[in-house]
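Okay, everyone, I've got a few minutes on one protein today.

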Amino acid sequence: MDTTKEEPKKTAKRDALQSIERRIQELWENERAFEINAPTIEEEPNDSIIHEKYPKHMSTFPYPYMNGRLHLGHFFTITKAEFATGYERMKGKRALFPMGFHCTGMPIKACADKLTRELEQFGPNFELPSNSELEDEIKDLSLNEGTNTKLGSVDSSGVATKAFQKKGKVAAKSTGQKFQFQIMRSSGVPDNEIAKFADANYWLYYFPPLAIKDCKAIGAKIDWRRSFITTDVNPYYDSFVRWQMNKLKVLNKVKFGERYTIYSPLDGQPCMDHDRQSGEGVGPQEYTGIKLKVLEWSKEAQSTFESLKELEGKNVFFVAATLRPETMYGQTNCFVGVDINYGLFKINENDIFLCTRRAARNMAFQGYSKERGIVDQIIEVKGSVLIGTKVSAPLSKYEQVYVLPMENVLATKGTGVVTSVPSDSPDDYATLQDLKKKAAYYKVDPSWVAFEPIPIIDTPTYGNLAAQTVCQQKKINSQKDRLLLAEAKELVYKEGFYNGTILVGDHKGKPVQEAKPLIKELLISTRQGFVYNEPESLVMSRSGDECVVALCDQWYLDYGEDEWKKQAEKCLSRLNTFGLETRHQFEKTLAWLNQWACARSYGLGSRLPWDPQYLVESLSDSTIYMAYYTVAHLLHGGILDGSKPGPLGIQASEMTDQVWEFIFSDGAYPENCSVPKEKLEKMKREFNYFYPLDLRVSGKDLIPNHLTFFIYNHVALFPENHWPLAVRSNGHLQLNREKMSKSTGNFMTGSDAVQKYGADATRITLADAGDAIEDANFEEATANAAILRLFTLKEWIEEQVKNSSSLRVGSKDNFHDRVFENEINKLIQQTTKAYDESLYRDALKYGFYELQSARDWYREVTLQEGMHKDLLFRWINVQALLLSPIAPHWSEYIWREVMSNDGLIIDAKFPEPSGQVDKELIEATVYVRKIVKTIRDLEISSQKKKKKGKSEDFNPEKPKELKIYVATRFPEWQDIAVEAMKQCYDEQSKTFDDVKIRQILSEREILKNKKTMPFVQEFKKKVNEFGAVSFDRSLLFNEYSTLHTVSSFLKRSLGYEKVLILRTVYAISEEEKRVAEVAVPGEPGILFRNINTS
């Protein structure tokens, strides 16, 4: 017979908590606890008083994109809305938290297309060939430009067709996988399911149910009846988006025209923020392209090009890109990078441009090529070959200048060709000086650099050769001084633009700000320049394509239009942003945001109603869907794709624009409407009750796009009383203080976290992770500690309830009882304030950690007489209630199953103090705890001195007595010093007049006291920290009486045979007098010694 004792599972505590969580979730499911409805018209027919009679709260979170499982970062943001929902519900409101699922846009379609190609390549079982064959397969799946002059094929309409494309850099980095099927496998998709994802619609049915499962597992208080998926797969949501877009067009918010936009040649459409793997928030940067005509090639270039018949009879231009067209009067040369590859590109029948291929690719989509989107390259050449070429520089006083080498030319910015204006560009000036000093080293003929800077702009600070002046001031000696040159550039450019005056040309005498656009127009009108755009920085589409800027005919939302912008700014001014940083980010976005393409031709979504060849892009169909939540449950009642009508029996085809207008905009009941008016009134009641939106929670990265669009669309489509009330933004979530990343393994899905730690421990750790806009941190050690704390507290509470007959009853008015109740009341107030301000880490601090510390103290100080049953049971209920928004499963269990309270805790009233918080009692409590710590610290200090051989014969292990000497007043010299500081303190500036303080102290003859100035310095620190209230040093409580009250506790907890509380006047021996002498009110003198018990 095996008598070995089975080892307890290391996860037993977690498992016990998870068992409770599953039971509680089943309870909520059966009770339909999170289904929240507006009051019916029968309950309250008057909309004007409904919110007063039935207060409400509606929170939302940006519906997650359904190309994978929800990760811990999703849960971090979700819980910000979810905690608020739980709290507001306990404050007596009908608190609604709905969630839908976003499927619009490119990502799902792009991934499905990749899988289709991989199925063709590797078969249904995705069997990879050998390594050498694999390389060929990857090449076949890639878009390798090589020497091919075409960047993807373009059909007759100018729309690029699809081509095989390799996985983009960012996606490869984030997954560590080469192929889409590997990514799916690593995401937990079974092998037998992967092939099904080649159908883009399959994603819409696979991931949303998993998201619902994950949210339920963490206990999210979501009304799932109101959930839906986007795109035209859901005909109800599709009709809602059609109404939105049609109304925006009627309001003249949607317009059509040529615009420069970030564009993916591979996808054949604009690439908006949500379509990007990298480069979110990047827009077009406009330059003036400058055409420097070739007059004579360098010898090496002549040799290279002499056989090229394509150049015969053609105009060849070096093309530079400048942000400062007003400075072109000062050109002395042109720069190229010697190691950069340049190309000669056919632009039309007569002109050839010389620039980088990257720039030519951008130009090809802006009308600067024979065929749109086609880069026709004649030859590629190194920059070194071009040095010494003679060109004509537009507007320059020099008829001909030379192409020269520059070390800092970037192939990834502009065209790779740089105009040189040494009078007003520190980089150009420094480089030109280098070339003059070291002509042989740089392989340039001295005659090529024999051009002096031309004064073209006069500035009050730096004169008319600003670049030369600043370079000399900063002692810049070379083009290699990059940091100093960056500083100089900023100084010169700002001074020139804001304070400069043009000295030459048609606009001589005009301020630079006025002349700049006029000179730009002059260059363009004389065909010496043109408008050129490129992305501000690298943008990669989700299909792995490097994006360009294209000039497209497209539908766009006219964000930035004056009147619309003013409305948005008005909304923002009334919006609660929970902090200035979020507000400032909104203000910056409103300042720059303008026209935004709202249509695309590839991906998933709803068709543009008036131009169905296009889809509504993903950041345009996701701006007001919060309104859709208010009626979704009535239309399709939790059927995500709207394939079946909901409780009202309304068909999707019946949801016309006029019907939506009736519901959302107080429109007239439509003529010949097939839906009975009372049904529409019911939907209208839901909308009017839950709107305006009380809280929108989101990551800070959505402020420059989605959240600002959210404001713009609400102010356009809804009356002011339905504009949103609050937006709370948060940072990204780190895991163990490192960025979450699949490639490094530092990654966790929401499901992983709940399985590993349980729902409540995960929720507590998310609450503890942080509340600011800076990045937060999920610490796994905190999650483990939460498991232990929850389990231990559960066990202790169960034990107390089980043995409640042993608890003290009767009067609960002794000092310790009053302190305990007072602390409960104080912590209720502090926790309430934290929840009100959405500071959930503080809510945990006060309503969980410090509340338990109060319990620990009470348990310790009442060890002799015992805890009072009524107070302890109140504490247990308060603990469950305060923690309920954050850890609802644990709280529900304690509330119902342990404490046998009626109803669900999520419906219980949030606790309120049982009385006024007694500040005198708080101060007395802090004082007692401070005294205990002080005595323990002094004992430790005495033993350290003993070890160092100093005279200390006290042994804390032997019988000992404690004398505490209480002072009734402060020393006279301290009172004089404090009064002097008070007289010399300026409360507005928070400063002291130190000279006057010393003068008063000298006059009162206490400056000679060696204790005076150290005391003054320490007291000033106290004032700086706590303010003018520090000058009042009187105690709120009776120190002597308080110490007498707790003397038995001090005796027991500190291990003393005898504790004496004495006035300082009763100090008799020299040792006692020395101790009593240092005592002041609030800081008694402490003397301990061993006693002889023989």
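So, starting with the surface: the protein exposes about 48700 Å², and carbon and sulfur atoms supply 48% of that. Keep in mind that this is a predicted model.

In terms of dimensions, the C-alpha trace spans about 120 × 85 × 75 Å along its principal axes. We've got 1094 residues here, and 55% of them are buried. For secondary structure, count 35 helices and 32 strands.

How about contacts? If you take the ones between residues at least 6 apart in sequence, 76% join residues at least 24 apart.

Now, the inside. Rolling a probe the size of a water molecule over the atoms shows where empty space is left. How many cavities of 30 Å³ or more does a search of the whole structure find? Three.

I'd like to zoom in on the second largest cavity, which holds about 50 Å³ of space. It's lined by 13 residues, and the closest to its centre are Phe345, Lys346, Ile347, Ala360 and Tyr368. Which elements give two or more residues to that lining? Those are β9, at 341-346, β10, at 351-355, and α12, at 357-364. The one that gives the most is α12, with three residues.

Notes:
Residues are numbered from 1 along each chain as its sequence is written. This is a predicted model: local features need pLDDT of at least 70, side-chain atom pairs count only at pLDDT 80 or more; totals for chains, interfaces and linings use all residues. Side-chain values use heavy atoms; hydrogens and water are left out. On a 1 Å grid over the protein atoms alone, a cavity is a set of points where a 1.4 Å probe fits but cannot get out, and a pocket is an open set with protein on both sides within 12 Å along at least five of seven lines; lining residues have an atom within 4 Å of a point. Grid points are joined across faces, edges and corners, and a volume is the space filled by probe spheres set on the points. Helices (H or I, at least four residues) and strands (E, at least two) are DSSP runs, numbered from the N terminus. Buried means under 20% relative accessible area, exposed over 50%, partly exposed in between (1.4 Å probe, protein chains only). Contact means heavy atoms within 4.5 Å. Accessible areas come from the Shrake-Rupley method with a 1.4 Å probe; for residues, only the protein chains shown count as cover.
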